[in-house]
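Welcome! Have a look at the sequence and the model below, and then we will walk through a few side chains together.

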Amino acid sequence: MPFSVNDPFLYWVSAAVIAVVVAQSVFFLVKSVQRAKKVGISMATVRKTILSSSLFTLAPAVSILIGINDVWHEFGNRNGVDAAKFEMVYDLLISELKAALPNLKIMILEPFVLPGSATCNTEEIPDRWQRFDEGAKANAAIARKLAQKHGAAFVELQSKFDELDAAHPGLWT
């Protein structure tokens, strides 16, 4: 019988492993809460610790990719976000994440634009691609600046997509 990643047996094994991990987690969580009560730690402190630990366990690192939809909405409907507001809100988002989860590792992904029906030039809008490209580059510069400000990793994407597009023309359309 050929191997298949969609074999029901693999789903059952995965489900069993997940069930064991969840059961262990609940068991040790209950034990920890009981021990905290015995040593006199307030329940508010216990709840705060559990919440921050849970969030950090679920998301020890987070990647953020925002920016191109703001360009698209502003370009198409004039209801996007201008550069100043984009920077302010993005900065606030990162600041709040860092305040809530000080050990969180943050990766800021570069906003990018790909050629396609929404971004290609038309007779009605002969500079559509240029406008999308300029908007993406402006938001990418803001994202890079905020990554430096907050000590976050910055992941370049546009140049990688451009290389792929050059090697495989029409890949995105």
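How many salt bridges does the count come to? With a salt bridge taken as a side-chain nitrogen of Lys or Arg within 4 Å of a carboxyl oxygen of Asp or Glu, the count comes to five. This is a predicted model, where local features need pLDDT of at least 70, side-chain atom pairs count only at pLDDT 80 or more, and totals for chains, interfaces and linings use all residues. Residues are numbered from 1 along each chain as its sequence is written, and side-chain values use heavy atoms, leaving out hydrogens and water.

**A link between distant parts**
- K145 and E87 meet through their side chains in a salt bridge, at 2.6 Å from N to O.
- This pair joins distant parts of the chain, 58 residues apart: K145 sits in helix α5 (residues 128–150) and E87 in helix α4 (residues 83–100).
- Helices here are DSSP runs (H or I, at least four residues), numbered from the N terminus.

- D133 forms a salt bridge with K137, their closest N and O atoms being 3.0 Å apart.
- Both lie in helix α5, four residues apart, which is about one turn of the helix.
- D133 counts as buried at 17% relative accessibility, whereas K137 is exposed at 54%.
- Buried means under 20% relative accessible area, exposed over 50%, and partly exposed in between (1.4 Å probe, protein chains only).

**One more pair**
- D127 and R131 form a salt bridge too, with 3.8 Å between the closest N and O atoms.
- D127 is partly exposed at 31% relative accessibility, and R131 is partly exposed at 30%.

Definitions and conventions
Helix = DSSP H or I, 4+ residues; strand = E, 2+ residues; numbered from the N terminus.
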